[in-house]
Amino acid sequence: MTITVALADDQPLVRMGLRVLLDAEDDLELVGEAGNGHEIVDLVRRLHPDVVLMDVRMPLADGLQALAKIKSDPATAETKVVMLTTFELDEYVFEALSSGASGFLIKDSDPADFIRAIRVAASGESLLSPSVTRRVISSFTGSRPAVHKPHPLLGELTDRETEVLGLVGEGLSNDEIADRLVVSPATARTHVSRTMVKLQARDRAQLVVIAYQAGLVT
C-alpha cells in the first residue's frame, strides 16, 4: 500500500532533501509541498495525504496553528502529522503532542528515521523516541511551573496502570517498561493498551500529555 505524504517547511532546501528521500522509497508518494501553515492546511483539505511532515516554525501560520486546524476539522483529522523541530529541546513539542501530533523528529535525524516516522505514523502509532521524549519533557517540566490537571478518568486506573502511565510519560518504550517492572513485554503492552482504553487516549502521545498534567512525570 502506498503512503501519501505532504511536506510543510519554509526552507526550500529542507523540502528538497525530504523530497529526494521520499522519491527513493517505493511505498511513499509525495503529493504536495507547502511553505507556510496556511498553505499546508489548504493542501491537506484538497489532497488528504496520509501523513504530513511539518515544521513547527513557519511564517503566516506556524506549525502548531496549522496542526490545530487539521486535527479539529473532521474532514482532515485522520491525517497523521509528524512535527519537525530544529533542536531537541523545542518548547513547542509538548504543545504539539497535546494538539494531536503523532510525534516529532529533530531535523538532523538520520534519513532512516524520517522514513520510519512516516510509516509508523501511517500505521496509527505514535512516533515517540524514548530518549528524545525524556529530554523534551525534562526540559519542559524544568523550565515551566508544573500545572497539575488530572484527567477525569484517572481514578479508573489500577495502581499498576497508574505506574505504567508515569513510565510512558517518562518516554519509556514497552520493552523498557517491561524491564523496569520485571514483567514480560506482552504484559507491558497489555498494561499500556488498557491504560489508553480507560483514559480514552487516542494514542501514546496523549498518554505522555496526561501523565505530565497529572504530575506523574518528575
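**Notebook: helix H2, the sheet and the Asp55 site**

I began with helix H2 and found that its buried residues pack against strand E1 (3-8), strand E2 (28-34), E3 and helix H3 (63-72). The model I am reading is a predicted one.

**Entry 1. Helix H2**

I listed the buried residues of H2 (residues 37-47): Gly37, Ile40, Val41, Leu43 and Val44. Viewed down the helix axis, these buried residues fall within an arc of 165 degrees, so they line one face of H2.

Next I looked at how H2 is placed on the strands. H2 lies across E1, E2 and E3, and its direction makes an angle of about 135 degrees with E2.

I then checked both ends of the helix. At the start of H2, a side-chain oxygen of Asn36 comes to within 3.0 Å of the backbone nitrogen of His38. Just after H2, His48 has a positive phi of about 50 degrees.

**Entry 2. The sheet**

In what order do the five strands of the open sheet run? I read the order as E2-E1-E3-E4-E5, with parallel pairing. The edge strands are E2 and strand E5 (103-106), each of which pairs on one side only. On average, neighbouring strands of this sheet are turned by 25 degrees against each other, direction ignored.

I took one pair for a closer look. E3 and strand E4 (residues 80-85) run parallel and are joined by five bridges. Within this pairing, Leu53 has Val82 of E4 as its bridge partner.

**Entry 3. Asp55**

The UniProt annotation "modified residue: 4-aspartylphosphate", from an unreviewed entry, covers Asp55. That annotation may be inferred rather than shown by experiment.

Asp55 lies in strand E3 (residues 51-55). Is Asp55 buried or exposed? Its relative accessible area is 3%, so Asp55 is buried. Leaving aside neighbours within four places in sequence, I find Asp55 in contact with Ala8, Asp9, Asp10, Gly63, Met83, Leu84 and Lys107.

**Entry 4. Asp9**

Asp9 sits in the loop between E1 and helix H1 (12-23). With a relative accessibility of 1%, Asp9 counts as buried.

Which side chain does the side chain of Asp9 meet in a polar contact? The partner is the side chain of Lys107, at 2.7 Å. The side chain of Asp9 also reaches the backbone nitrogen of Gln11, at 2.8 Å. Beyond four places in sequence, the contacts of Asp9 are Val14, Arg15, Ala34, Gly35, Asp55, Met58 and Lys107.

**Entry 5. Positive phi in the loops**

I went through two residues with positive phi.

Val182 is not a glycine, yet its phi is near 55 degrees. Val182 is found in the loop between helix H8 (174-181) and helix H9 (185-199), and Val182 is exposed, with a relative accessible area of 72%.

Gln200 has a positive phi of about 55 degrees and is not a glycine either. Gln200 lies in the loop between H9 and helix H10 (204-213). With a relative accessible area of 63%, Gln200 is exposed.

**Entry 6. The end of the chain**

Val217 is found in the segment after H10. Its relative accessibility is 12%, and the limit for buried is under 20%, so Val217 counts as buried. I also noted the spacing of Val217 and Leu167: the two are 50 residues apart along the chain, and their C-alpha atoms are separated by 7.9 Å.

**Entry 7. Whole chain**

The chain has 10 helices and five strands. What share of the 218 residues of the chain counts as buried? The share is 47%. Of the contacts in the chain with a separation of 6 or more, 66% are between residues 24 or more positions apart.

Methods. Residues numbered from 1 in each chain as written. Predicted model: local features only at pLDDT ≥ 70, side-chain atom pairs only at ≥ 80, totals over all residues. Heavy atoms only, no water. Helix = DSSP H or I, 4+ residues; strand = E, 2+ residues; numbered from the N terminus. Buried < 20%, exposed > 50% of the residue type's maximum accessible area, 1.4 Å probe, protein only. Contact = heavy atoms within 4.5 Å. Arc of directions from axis to C-beta. Polar contact = N/O pair within 3.5 Å; in protein donor to acceptor, adjacent residues only side chain to side chain. Pairing = 2+ DSSP bridges. Axes fitted to C-alpha atoms, helices over the stretch in contact; angles between N-to-C directions.
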